[in-house]
Amino acid sequence: MRRLVSLLLVCALAAALKIHAGEAGEKVFVIPVETEIDMQAFHYLRSGLREATDKGAGLVVVKLNTYGGALDAADSMRTILVREKLPTVAFVDHNAASAGALIALACDSVFMSPGASMGAATVVNGSGEPMPEKYQSYMSAIMRATAEHHGRELRVSAEGDSVGQEVWVWRRDPSIAASMVNPEKAISFTTAQAIEAGYADGSATSVQEVAESLGISNPEISYYQPNMSDTLLGFLANAAVRAILVTLILGGIFMEMHTPGMGFAAAVSLVATVLYFLPMIVTGTMPAWIIILFVIGVVLVALEIFVIPGFGLAGTGGGAAIIVALCGALMANDSITGFDMTGVLNALMTVGAGIILTIILVLYLTSSRGPKVFRRHAELMTELSNDKGFVGVDMSVSRYVGSRGESVTVLRPAGKIRIDDHVFDAVSTGEFIPANRPVKAVRYENAQLYVIEEKAGEERQG
């Protein structure tokens, strides 16, 4: 009997150790989002989720400490989190305001540190002022849809006529999510309020504690560390950088049209084009038609420059094709759900800003105030001075037009005349003029005085 009890105890201990070994050491991958929400943050999140999958992580923790940022970037981050197959947890370490609240709501679970806050998702412009109602309504719809994505769960009712009964309730109340978007009085939660409202699953002071709250003991925690490639791609994904690259692409093409041969402007445009499309090429998000359309646009512009005189249908069509390709590349890279109106407007705004900067830059560089190194391609800058071997035409002789003198030699029709003791080359405008005859200069052309012979009667009338 004693041996049987000992055997059962050994088996139970082995089973417990096996269960514990299965729970312990589970990989938890942490992606910090602790800056302004922009397209760089989106690229970091996307790269982090891919790395988590490659490393075989069982849980992804999005560590949030942000005051918000761009709506398009936040919406892209929300979508990629909603579609992620790995379990995701938002750990609000301090702040998850505005766009940060949307990202937290997109995760499967939410934990907040003591003293943290979340909410207030009002859409504002660059000056911090609330955007028009249609923008607030759109953001409110995104928040509501994200809350509805978590679905309903069966709970025991503690209110109304159904007290004690099991009812289906929203895991995240959509009406609360929609109320977070209010320019006048947006809802925000403390940690305790978020837990009470069902918008947080608990409180934790560290990622370790978050993992343990989810039943993972001794988690193997690793953090996403952006490498140089991720940092470069994230930098190139910034809207301001993209607008500058568009300026360099279009400005380089325009300057090259006014410069003989292939020069510096073409090189700048080529480098800017590579940098512009690089994030899309690396991530594999750019459809082939964008490259084809861009190449067609460049070919049409090249034909206009080198083959077809002026700037007509080929140049206009080529320019339009390039602009459409630039916009399409942005939408293909940033959009997770496809081409929607938000993506179209954001792409048009970025490329439009680049076009405006191009116009301003070209006008400045080709103006009298621009640097000579650029102006010399748009205007004649060479000084035709005598010390460089150029011979100038003396226009001072033109002041003798209307003066009288006499012919020194026979003008047949060219010859020489004398006016005020000065001898000049001259050409007769009519018949040949013998020597020593009175003449009158009537015009000055092609560095020559043109004269007529004055008869006796004409001389008295003059």
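Modeller: Strands here are DSSP runs of E with at least two residues, numbered from the N terminus. The model is predicted. D421 lies in the loop between strand 12 and strand 13 (422-428).

Biologist: Why is D421 called exposed?

Modeller: The relative accessible area of D421 is 73%. Exposed means over 50%, so D421 counts as exposed. D421 also has a positive phi of about 65 degrees, although it is not a glycine.

Biologist: S98 is not a glycine and has a positive phi too, of about 50 degrees. Why is S98 called buried?

Modeller: Its relative accessible area is 14%. The cut-off for buried is under 20%, therefore S98 is buried. S98 is found in the loop between strand 3 (88-97) and helix 4 (99-106).

Biologist: What makes F189 and Y199 a tilted pair?

Modeller: The ring centres are 5.7 Å apart, and the limit for a pair is within 6.5 Å. The planes stand at 35 degrees; stacked needs under 30 and edge-to-face over 60, so the pair is tilted.

How values were computed:
Residues are numbered from 1 along each chain as its sequence is written. This is a predicted model: local features need pLDDT of at least 70, side-chain atom pairs count only at pLDDT 80 or more; totals for chains, interfaces and linings use all residues. Side-chain values use heavy atoms; hydrogens and water are left out. Helices (H or I, at least four residues) and strands (E, at least two) are DSSP runs, numbered from the N terminus. Buried means under 20% relative accessible area, exposed over 50%, partly exposed in between (1.4 Å probe, protein chains only). Rings of Phe, Tyr and Trp (its six-membered ring) pair if their centres lie within 6.5 Å; planes under 30 degrees apart count as stacked, over 60 as edge-to-face and the rest as tilted.
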